[in-house]
Amino acid sequence: MRLEPIEAPGVARRVLPPALAIVATFVVAAVLAMIAGGDPLRVFGEIVKGAVGSKFALLETLNRATPLIFTGLAVAVAFRAKLWNIGAEAQLYAGAVVTVVLGTGALTLPAPVLLPLIGVAAALAGALVLLVPAILKTRFGVDEVVTTLLFNFIFLLFVSYLLEGPLKDPMGMGWPKSPRLIDEARLPRIVEGLRLHWGFALALIAAVAVWVIQTRTTLGFEMRAVGQNAEAARFAGMPVMSVILKTALLSGGLAALAGFSEVSGLKGSLTLDLSPGYGYTGIVVAMLALLHPLGVVVAALFVAAIFVGADSMSRAVGVPTYLADIMLATALLLMVLAILLTKFRVRRD
Amino acid sequence: MEGAGPAQPVLRLTDITKHFGPVVANDGVSFDLHRGEVIALLGENGAGKTTLMNILFGQYTADAGYVELFGERLPPGRPRAALDAGVGMVHQHFTLAGNLTVWENIVLGVDGLTAPSLRPAKAKARIRDLSERFHLKVDPEVRVGSLTVGERQRVEILKALYRDAKILILDEPTAVLTPQETDALFATLRQAVAQGLSVVFISHKLHEVLAIASRVVVLRHGRLVAERETKGATREELAALMVGAEVTAPSFEPTVPGPVLLSLKNVTTTGEGRATGLRDVSLDLRAGQITGLAGVSGNGQGALSDLIAGLDSPASGEMWLAGALPRHWSPRTAIAEGIARIPEDRHHTGTIADFNLVENAVLETYRTTYSTGGWMNWTDARRFAGDLIDKYDVRCPSRNIRIRLLSGGNMQKLILGRVLEGEPRIILANQPVRGLDIGAVNYVHGQLAEARARGAAVLLISEDLDEIQRLSDVIHVISEGRLSPAFARGTMKPEELGAWMAGHGFKETTHAA
Amino acid sequence: MEFLDILLSASFWAAAIRIASPLIFATLGELICERAGVLNLGIEGIMVAGAFAGWIAVWAGLPLWGGVAVAFATGMALGFVHSVLSVPFGLSQHVVGVGLTLLATALTFYTYRVVLPEVSSPPKIQAFTAVEIPVLSKIPLIGPALFNQTPLTYAAFIMVAVVAFVLYRTPLGLAVRAVGENPGAVAAQGLSVTGIRMGAVIVGSGFMAVGGSFLTLSAFDSFFFDMVNGRGWICIALVVFGAWKPGKALLGAILFAAFDAFQIRLQQTSVGAFLPYQVFLMMPYILSILALVAMSRRAEVPAALMVPFNKGER
């Protein structure tokens, strides 16, 4: 078997493989649902209903998409420069910790001053968390995949320590949980009465900003060049190491904003189950979006809809919610294959 | 029938045809090879030589035609079939694993994958015996990663002989050898042929073809255009057959050399990531002059190129640019100093394959010329790319396609345009024509000639001694990181340069360390 | 001196060997994959799946070794998925590996919920028990540590020797070592690069799953969702630490496990009283990162690691 590049792929070539990947994902899910004793059509129906079937469902999906847009952007930015940041989870918690530290009364400022301040500080914290693996990569050549993964475990233990020690809520009846944020540190709702906070708008702004950076600035040009071919970038006079470090700062900062937005906009306090794996799901989001920042928004909405829908489906039909995780992992693997098949043709010689 | 009669060919190709999409790589190619014969397969890059050999070795399946070995039809698409029938091949890019020892590389795959043991003692004894019989000196116990290029080639030949190859195919075997090593290779081949081996010698170096082969088969654009005895054939005749038409190479009128633009004084480098660094090298590049650097690959050409390109700095010694010592030497300062750099590997160093022509055109100047305050100016960049495409005759459907889709020649023209547009004072051309067809070769050489005429200092690095001798006003030879004195045009015979390439003539420098 | 007491107790070394056992299997598996040129980041998910598959098979009535076999087969099946995507199609090994970990983990949890819908705590099985080897187990310190373990631990040590023998003494192992360094050398001998690499990934993944099953069949007697807890990622660090050599990887796994056993005991000493327990739990991960940094300059990485091979490429 041999892969042969296609010079000018036609419309069918570009559309058919991704479409088939989506179809195959649903076929896999249908079979698994049947094994669990669920009627596939009913299962999918309940997922759709649970995700977009009511105003409440829709808002829930938008809320769930918010952290995923941030972590998806973080992964997309990093992967574009071939910086394999699998540590968005740790960076998210770094942002959340800073939000709690600054937002529970340590600073008393009016909201229009306090919120941006906390946001920037949170982003900085996440940036610093990723900077360590990035420096290990550029200075010592240590593969960042393993270090960022291991950092997730380290940082979660650190958060666990904080929640049982310095950041523990004295009124929390012994639960490992932080005190609640003061009102000035809470992101307000976009429309009064609707359960959707400004974190979602911030996520959309971040997506557009990343897109502008990547396509319009010299830094974006450098990040793409380093990702495609670091050797050629270096030869052309680009400061490869510094580009990788800048990418790490941007990526870590974006992931940390997910933590800021969740704590400040949604939860109001920090617990150890703040993120049900948003950092890892961000990888799926970014890959489904083909690493395009605006695509990340669409992919995050899709992924969030499946998660939210699966929750309510599980309550109604009794098929485990893990069906959603299976669907997304399957979609991820089949989509990378499908993208390859839009550019290459398989030959048997 | 068992066995082959004396008149029967050991190898016969009949009407081999192979298409890759719309490209015809082989078009009805037929020829025979007899026992104890050396034939040369002659053709330009892209003439279809490699495809033909890949079909013989089952890597590709021919669209039409068939291969017979010793009278038996070869099953298509089975890589082991040709090997098992006794065909051995020495590839241009060696197929050796550097982490394994010589004997491990040689026995790789011989017993299939299911045998319980490698039987090292037996294997090593056999290798020692073969290496004595064919004068291929190499120690079976050392790791291949630590061998020189010439030694690796010997391992490759031993690999074929170990498998009892009756037919040996050598793909551009002399590209990596000094003239003396080439002679030794030819001696080994003559000895092997005397013992009944048959050889297919793939090359585009005409004098070698005439020296070793008894018959020559010429391929052009995938077709067999001529087949004749080498006895009585001339180089000019073969060249015309290979290229198809008379081509006029650019001429180099003598010029008066100008001032020294770049000067190395006793420079030593570590040669990070290279086979060797520079050892106490002094070199002057003068305006209006092409300085040729000859040598066997891996002897410090890469280190010198890295140094001038800004990728490396002297560990000791000085580099002077137009009478000044540059501070903080990097690719960016090299570009700013007006050094045009044509890299050795245009696919991986010179361009970014999945970037389009516009992005590749501004790769070196995006910061200084095509952006303001960190914002890219794509309108200007697109116009610049369009200008390059017109002026340097880059054949492409659009400037928005990925550069990966361009041929090597067109890719090189874009790189040339990119670096020559600013009328650079110094030009570093590292293997600028490797892998290009004759038309593109002449184009590149023409551009270098023009730059020389307008007063640029050119450093031409090449492993092709012919190219060096034809273009250069002065020639240096590099060997193990040391640089020979400058030889003026026409003062040295190839054999004399070859002696320097092999390391003879250098004064052993007193070691400070 | 408390530290010395810990280091000189047989139970400490016995615990170290026990902790090392799953790591040995999984590290061998990763080593086989990487020697063939494929980074297998599916390891974490494959270990989760192996832990579950072996356990559920025994729970359903299979003998313990049957459970190990089921785990091995599960690992091979997941390895097949990885190898198809990463070898002939040459997709990014980072993405495929992380994707496979997500998939294997999700499939495991889903199956758990489908098979055991109503349980609040997972059922227990009768796990492997220690088998004392006569005479040898009487050697002071080493005896009880090395020769009073479960059969699966003995199997881990035997597999190190088997893998080392195959890699260095057989034509198959030679081909695996060559294909991770220069696949072109293997293709030129008419051997299938795709076949060798896929085979290595499939077998290596089987080893990873057996490593996971050690947790449910030998170390504990039940299955918990977060029981693998990053061990897969640690094994990737151990392969680097072991310079891609089975013997050194074994040494690394034991050293690492000894450190882990040490920190558990240290928690119960006066040191543990004033340091939060999370600091001790972090140690294995921090140690892995330090090992990576320390070895980064010296290690001999297989030259073709993460480089796909496409014979059509010219």
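The legends below describe close-up views of a predicted model.

**Figure 1. The contact between chain A and chain C.** This view shows where chain A meets chain C, a contact that takes 41 residues from chain A and 37 residues from chain C. On the side of chain A that touches chain C, the elements giving two or more residues are strand 1 (2-5), helix 1 (11-35), helix 5 (111-140), helix 6 (144-164), helix 11 (278-288) and helix 13 (322-343) of chain A. Sorted by class, this side of chain A has 32 nonpolar, 5 polar and 4 charged residues.

**Figure 2. The contact between chain A and chain B.** Here 16 residues of chain A are in contact with 26 residues of chain B. Two or more residues each are given to the side of chain A that touches chain B by helix 8 (218-228) and helix 9 (230-235) of chain A. Helix 8 of chain A gives the most to this side, with 5 residues. By class, the side of chain A that touches chain B has 6 nonpolar, 5 polar and 5 charged residues.

**Figure 3. The domains of chain B.** The domain assignment divides chain B into domain 1 (11-243), domain 2 (250-338 + 424-513) and domain 3 (353-418).

**Figure 4. Strand 11 of chain B and its pairing with strands 12 and 14.** Strand 11 (residues 260-268) of chain B runs antiparallel to strand 12 (residues 281-286) of chain B, and 5 bridges join them. Strand 11 of chain B also pairs with strand 14 (residues 316-321) of chain B, in the antiparallel sense and over 5 bridges. Leu262(B) may be followed through both pairings: its bridge partner in strand 12 of chain B is Leu285(B), and its bridge partner in strand 14 of chain B is Leu321(B). In a regular strand, the side chains alternate between the two faces of the sheet.

Figure 5. Strand 9 (residues 215-220) of chain B and strand 10 (residues 223-229) of chain B run antiparallel and are joined by 6 bridges.

Key: Residues numbered from 1 in each chain as written. Chains lettered and ligands numbered in written order. Predicted model: local features only at pLDDT ≥ 70, side-chain atom pairs only at ≥ 80, totals over all residues. Contact = placed C-beta atoms within 7 Å. Helix = DSSP H or I, 4+ residues; strand = E, 2+ residues; numbered from the N terminus. Nonpolar A, V, L, I, M, F, W, Y, C, P; charged D, E, K, R; others polar. Domains from an automatic or database assignment. Pairing = 2+ DSSP bridges.
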